Amino acid sequence: MSHIHLPDGILPAWLWLAGWVFIVILLLVFREYFKKDKMSSKIPLLGMLASIMIISMSLEIVPILYHINLSIVSGIILGPAWFILCSFVVNLILAFFGHGGITVVGLNSLIITTEGVLGYFLFRSLWLITKRIFLAGFLSAILTLFLSTFIALTIVALGTMDISSAFNIGHKEHLDTDKGLLKFETGESGEHSGELSTEFDFRKFAVLILGFGSIGWILEGLISGWILSYLHKVRPRIFEGV
Amino acid sequence: MDLAYLDYLATGGNSFFHRTSPGLKLIFSLLLIGIIILVKEVLFLVIILLFLYLIILLSKLPFHRIFLLSLFPLIFTLIFAYASLGRGWEWFFIILLRVLGTATTMIILFSTTPFPCIFASLGKIFPEFIITVLFMTYRSVFILFSVFDDIRSGFKLRGGFQLKHPKRSLFNLARAFGYLLLKGIDDSQRFYENLRIRGFQGKIVHHRRFCTWIKKQ
């Protein structure tokens, strides 16, 4: 639930374009790092973990409108840098099936990346402090999902704001005084240019997301904790780099 | 998860839409999504949806299955659509129709075009390392999906998900995913070793000739 299950055409263009720009910048920053390691076994591992995430995200728990992400577990196994690429690929493939729109791939990738990266560092710190792998996995998953849900809500809240009105672009009072040869008018002068408007009940949306989400965080936290302790029992080598 | 089923439809079909070049279909789909994004009329969205359903029928794709697949994203959009009710029922239906429209467009694209051909076309836009990862992920889904089927059977044999015993059920589910992860990690290593033996140089070369539909003699 932490990423945005919004279709295309709901969020204003400046917002989803910003998402794409941010994820492209992130991928470009780490491009050389990926290229340097392109011959390593990281790429097949990334493919496998991305496919596990796709499988888990395709299994919805209908009563609470939630699906398990496994983003924290994958982030811990892959490491923060490779997880950026993993989250982008997962969101791109999911968008191919309408699970989140194509335009929101950038924003969704940023949210899932936050989960994986933050989950990795939180787990590392909590494991050092508590020395208990289940507890570290459980707490890092819950805290990370809590934060990423708030990031998702912030994005939707930003979508309800009209950036053009915030900067007084294309508004009637300016156009009236404009006596030049060229006059710029928006198709919907006076209306919001973004799709989301004040009629969108953000409070209701946030209550529902946080209500269903909180059940989901606990489920994901428990599952992540058990998965990590299971993996640690049978294959402790996976955690050598953590 | 119907990735395998869509791939089967894409490789097995021979309709006009199957034969059209993957690049063209990709551009057509993106344009259609662009229109769906911009349209704010329920009637126009319904017409687009009917047009998409016509393509499904003309492409000889199983309508019922494709329709059910396109409903999946609606589950998650309901919260958003419900919160938007203040803007009226028309907007509620616009949201739902947009989801149905974009999902149906993408499902048609993937059920008439094999995935590797789409990835090869995307190679003109995305850098090489992303395309390599897309290929790897695509292949991995098929490898893991058969494993996942066995795990699911095992999970059901252990009682499946029982509301009476939520802790035990969740624990079994975690074990199932844990095993899937372990299997994935092991298979990725084997996969890597096989790739290296075959001369893997960090990229997967895809020949476009495999994407050209060859008329059966």
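Which residue forms a salt bridge with Arg235(A)? Keep that in mind as the tour starts.

**Before you click**

This is a predicted model, where local features need pLDDT of at least 70, side-chain atom pairs count only at pLDDT 80 or more, and totals for chains, interfaces and linings use all residues. Residues are numbered from 1 along each chain as its sequence is written, chains are lettered from A and ligands numbered from 1 in the order in which they are written, and side-chain values use heavy atoms, with hydrogens and water left out.

**Stop 1: the bridge between chains**

Select Arg235(A) and Asp186(B). They form a salt bridge, with the closest N and O atoms 2.6 Å apart. The term stands for a side-chain nitrogen of Lys or Arg within 4 Å of a carboxyl oxygen of Asp or Glu. Arg235(A) sits in the segment after α10 of chain A, and Asp186(B) in helix α9 (residues 166-197) of chain B, so this pair joins two chains. Helices (H or I, at least four residues) and strands (E, at least two) are DSSP runs, numbered from the N terminus.

Now colour by accessibility. Arg235(A) is partly exposed at 24% relative accessibility. Asp186(B) is also partly exposed, at 27%. Here buried means under 20% relative accessible area, exposed means over 50%, and partly exposed is in between (1.4 Å probe, protein chains only).

**Stop 2: the whole interface**

Show both chains. In chain A, 75 residues are in contact with 70 residues of chain B. Contact means heavy atoms within 4.5 Å. About 6700 Å² is buried between the two chains, and carbon and sulfur atoms give 80% of that area. Buried area is the accessible area (1.4 Å probe) that two parts lose on being put together, summed over both.

How many salt bridges does the rule find across the interface of chain A and chain B? One. The count of residue pairs in polar contact between the chains, both at pLDDT 80 or more, is also one. A polar contact is a pair of N or O atoms within 3.5 Å; within protein, one must be able to donate a hydrogen and the other to accept it, and residues adjacent in sequence count only if both atoms are side-chain atoms.

Next, select the elements of chain A that give two or more residues to the side touching chain B. Among them are α1 (13-29), α3 (42-57), α5 (80-96) and α10 (202-234).

**Stop 3: helix α9 of chain B**

Return to chain B. Select Arg190(B) and Asp187(B). Their side chains meet in a salt bridge (2.6 Å, N to O). Both lie in helix α9, three residues apart, about one turn of the helix.

**Stop 4: helix α8 of chain B**

Select Arg152(B) and Asp149(B). Their salt bridge has an N to O distance of 3.0 Å. The two are three residues apart in helix α8 (residues 128-157), separated by about one helical turn. Arg152(B) is partly exposed at 33%, and Asp149(B) is partly exposed at 32%.

**Stop 5: a buried histidine**

Finish at His18(B), in helix α2 (residues 16-19) of chain B. His18(B) is buried, at 7% relative accessible area. Its side chain makes a 2.7 Å polar contact with the side chain of Ser15(B). The His18(B) side chain also reaches the backbone oxygen of Ser111(B) at 3.3 Å. Beyond neighbours within four places in sequence, His18(B) is in contact with residues including Leu9(B), Lys25(B), Leu61(B) and Thr112(B).
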